[in-house]
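Here is a short report to read beside the sequence and the model. Keep the structure open while you go through it.

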Number of protein chains: 2
Amino acid sequence: MLIPLFASGFFFSQQKDDSLAFAKISSQILNHGEAYEELRDLTKNIGHRLSGSDAYEKATKWAVIQLKNAGADKVWLQPVKVPVWKRGKESLYIKTGNGQWQSVNMLSLGNSEGTNGKDLIGDIILVKTIEEFNALPDNAVKGKIVFFNYPFRQDFIQTFEGYGDIGKYRSSTASMVAKKGGKAVMIRSLSSATDDAPHTGAMRYDDGTEKIPAVAIGPKGAEQLDKLIQSQKVTAKLNSNCGMKGEIMSNSVIGEITGKKDQKVIVVGGHLDSWDVGEGAQDDGAGIVQSIEVLRTFKKLGLNNNHTIRAVLFANEENGNRGGETYAANLDPTREPHLFAIESDAGGYSPRGFFLEMNAAQSSQIKSWKSLFLPYGVYNIVDSYSGTDIRPMKKHQVALAGLMPDSQRYFDLHHSASDVFEAVNRRELLLGASAMTQLIYMIDKYWE
Amino acid sequence: MLIPLFASGFFFSQQKDDSLAFAKISSQILNHGEAYEELRDLTKNIGHRLSGSDAYEKATKWAVIQLKNAGADKVWLQPVKVPVWKRGKESLYIKTGNGQWQSVNMLSLGNSEGTNGKDLIGDIILVKTIEEFNALPDNAVKGKIVFFNYPFRQDFIQTFEGYGDIGKYRSSTASMVAKKGGKAVMIRSLSSATDDAPHTGAMRYDDGTEKIPAVAIGPKGAEQLDKLIQSQKVTAKLNSNCGMKGEIMSNSVIGEITGKKDQKVIVVGGHLDSWDVGEGAQDDGAGIVQSIEVLRTFKKLGLNNNHTIRAVLFANEENGNRGGETYAANLDPTREPHLFAIESDAGGYSPRGFFLEMNAAQSSQIKSWKSLFLPYGVYNIVDSYSGTDIRPMKKHQVALAGLMPDSQRYFDLHHSASDVFEAVNRRELLLGASAMTQLIYMIDKYWE
């Protein structure tokens, strides 16, 4: 096919300009990026920050300062009503026959109700799968504590597929067990690791079912308990104080660099809240500091954006998604049309690609930029689910995307005490910020 | 273009068979791979293992057992004469004016000579680059300790390019300084991290130059020392006992699965030795256990290889490459032709591709298999340097390759106390073993 000379010349000179801009962005961030030290500050000086907690409120104040320091023209809070869930003291012991009670590493699942500080004692029955559980008659479950030992599937290459596969064991088993008269549910953590760290995360009760306690134990503990139960009767003693404590007003934090051309908005975000264990470093402190880095880079390099680039640090992703819902509910497309939104909530690991959730023409155009991204290790641009916080904007036809980092390590630490600053690598974190800045640079330049 | 129907049908059915074999290999390794626990054993029960040390000899005995357990049909030792370098006790202090001596984190560079246990005291002069040093007159260097504060370049995406860029500061500055009458050389470690861990690694003296001491300090220490020297005179006191202590006989360890068809050999390898700090986990315990995993997988899956698949665990890569040289010197292509050799010596991180060092037809064929590798995150198959241990086989026209893992974290810990088992991720390590097994599967099947 003949290409008109003018058009091809134009195309290649554009490609060259964009390629130079990509290099400038990458070098700026790798050499001078502040996201890593900012994350150290957030994780070590504030730590975990479940929405509704004092730590979360501290984090919103911290975020306002960081956005201003990064050069945002405007910074504000968006009020969000959030649920308050508190863990409190909790313990789990098991014993066989006349043996001694032995402590088991555990975490109550997020949003679950506890035992109100009283000992809940019962015999444990073991099932490997939900299908196996469904086949049990009610009288085999009644009065028992049901232990689901379904392991995280290791054979998926993208670990998010493993997470998708195992998700219902955390979200839905409590009500299944309650319906058959069970006392409590124990699950093997949704963890790809081989250690004994328990992982928390959101569960939900079906309407009208009893809210029985739901706890997760570590992979090693699960293996050991499984073996024990195969050979003898095992009794558990659970004591916990967790539960929902109403709702309070909190905030998402928003900062933006005004566009030179119009009021159309490009969003980059992550969630400021975390679970109440570890430090919320990969989930999702990484996405927070990367989003702030995007603003800082536009400002530092004087990229002179056409559209408004807005960092949205969402409240309450982990146990309610109220931040994301509230943002979309307040979005008025006639007053403030949104061009694009991207989220980083899969960890600050080496970027490999983008998840696109948008119309075919938009998706094709982004895929046509692939050769620009390839030198940065970003090769995998696919149509897929974007991200929890930004998803509610779909109803306004906003083009959505998610950063796709390497997924191998994420579910080793996700929602566990292992999600700490030390698990984040500086270069990997910065490369994720760079990839998002590069994509936003292109969208800001070429999208109207 | 019309494709003959038969040929295209054949092609697609082959592709499908290969794709199924790839999935079988990956699932086997991710579900049942033993490399991670094997690496725990090597790193925690033997630890670092510089060639010439007792620990290295212990590692060779360990490797023989692992290869047999993995199902090797034959296991043997290949004698290798290795240099013996010992570190001994060492310390570095600095002071300004009449101040107190302050200790600085340091490591003597590998293969360097020390101060024979005597205090070497001298004023430090700071240079940022070799070019700056070259411009100094001899009398500015005479009697001084020269400190090169050249930082690891963060702006390369592939960190091996950064390592290539900074390499000469470790390998060559001692003799440069000696030629101008300097007493000793201090370098900023070849480290991409922002911590204070010093990194060792091989240096060499030019023939006929004085063998002055050469030490590395951590990135943080380097920054602080740089600032100090900018404002005042700084004196150093170095005391070290390192040095070359002759040569001894040691061994590489070799195990193989005999091919069903002929005596042609496919090599997969890494180096069994490590530097004498940390645990040699990523460098190169990872390559060792991955190579053993390749044999195990062929055996476990009954892949029924045509050619002989041989794991070579090379001695002495770090400070002499005698294992690699000896293997190639003993290779008799008429008796035992070698089809292919691949090495894993860039860390057990998520694989991203392969480095190919072979003729154009071979390289094109491997690149034509790219779509098979893509679902495993392996997308980057490029002509490049293969690996230090296997490189000497090039003179026998063996097609060479290297596993290309994600490079972001490697030079944070390479040759330092931070290179420990905990820095290795199970899934990442196993995916590297899987990618090598898949490539060897294809070569064994299609190459004659």
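## Salt bridges

Glu37(A) and Arg40(A) form a salt bridge, with their closest N and O atoms 2.8 Å apart. Both residues sit in helix H2 of chain A, which covers residues 35–46. They are 3 residues apart, about one turn of the helix. Note that this is a predicted model.

Over all chains, the count comes to 54 salt bridges. Another of these pairs crosses between the chains: Arg409(A) with Glu428(B). Here the closest N and O atoms are 3.5 Å apart.

## Domains of chain A

Chain A is split into two parts. Domain 1 takes residues 23–85 + 246–446, and domain 2 takes residues 88–241. Their centres, taken over C-alpha atoms, lie 33 Å apart. Domain 1 of chain A brings 18 residues to the contact, and domain 2 of chain A brings 24 residues.

What area is buried between domain 1 of chain A and domain 2 of chain A? The figure is about 1,600 Å², and carbon and sulfur atoms give 56% of it. Helix H13 of chain A (residues 410–413) gives the most to the domain 1 side of this contact, with 4 residues. The count of salt bridges between the two domains is 0. Polar contacts are found there, in 10 residue pairs with both residues at pLDDT 80 or more.

## The sheet in chain A

Chain A has an open sheet of 8 strands. The order is S3-S2-S9-S5-S6-S7-S8-S4, and the pairing is mixed. Which strands stand at the edges in chain A? They are S3 (102–103) and S4 (106–108). Each has a single partner strand, so one side of each is left without a neighbour in the sheet.

Strand S6 of chain A (residues 145–148) runs parallel to strand S7 of chain A (residues 184–188). The two are joined by 4 bridges. Within this pair, Ile145(A) has Ala184(A) as its bridge partner. Helix H8 of chain A (residues 219–231) packs on the sheet. This helix touches S2 (90–96), S5 (120–127), S6, S7, S8 (214–217) and S9 (234–240) of chain A. Its direction makes about 85° with that of S5(A).

## The sheet in chain B

Chain B holds an open sheet of 8 strands with mixed pairing, in the order S3-S2-S9-S5-S6-S7-S8-S4. Strands S3 (102–103) and S4 (106–108) of chain B are at the edges. Each of these has a single partner strand, so one of its sides is left without a neighbour in the sheet.

Strand S7 (residues 184–188) and strand S8 (residues 214–217) of chain B pair in the parallel sense, over 4 bridges. Val185(B) stands opposite Ala214(B) in S8(B). Helix H8 of chain B (residues 219–231) lies across S2 (90–96), S5 (120–127), S6 (145–148), S7, S8 and S9 (234–240) of chain B. Helix H8 of chain B runs at about 85° to S5(B).

## Where the chains meet

How many residues does the contact take from chain A and from chain B? Chain A gives 29 residues and chain B gives 29 residues. The area buried between the chains is about 2,500 Å², with 48% of it from carbon and sulfur atoms. Gln154(A), Ile157(A) and Arg427(A) supply 27% of the area that chain A buries against chain B. That is more than any other three residues.

The interface of chain A and chain B has 2 salt bridges. Polar contacts number 18 residue pairs, both residues being at pLDDT 80 or more. Helix H1 (5–32), strand S14 (351–357) and helix H14 (426–446) of chain A each supply at least two residues of the side of chain A that touches chain B.

## Backbone details

A cis peptide bond joins Asp283(A) to Asp284(A), with omega about 5°. Asp284(A) is placed in helix H9 of chain A, residues 281–300. In chain B, a cis peptide bond links Asp283(B) and Asp284(B), and omega is about 5°. Asp284(B) is found in helix H9 of chain B, residues 281–300.

Asn304(A) is not a glycine, yet has a positive phi of about 60°. Asn304(A) lies in the loop between H9 and strand S12 (308–314) of chain A.

Note on methods. Residues are numbered from 1 along each chain as its sequence is written. Chains are lettered from A and ligands numbered from 1 in the order in which they are written. This is a predicted model: local features need pLDDT of at least 70, side-chain atom pairs count only at pLDDT 80 or more; totals for chains, interfaces and linings use all residues. Side-chain values use heavy atoms; hydrogens and water are left out. Two strands pair if DSSP finds at least two bridges between them. Contact means heavy atoms within 4.5 Å. Axes are lines fitted to C-alpha atoms, for helices over the stretch in contact, and angles run from 0 to 180 degrees between N-to-C directions. Domain bounds come from an automatic or database domain assignment. Buried area is the accessible area (1.4 Å probe) that two parts lose on being put together, summed over both. A salt bridge is a side-chain nitrogen of Lys or Arg within 4 Å of a carboxyl oxygen of Asp or Glu. A polar contact is a pair of N or O atoms within 3.5 Å; within protein, one must be able to donate a hydrogen and the other to accept it, and residues adjacent in sequence count only if both atoms are side-chain atoms.
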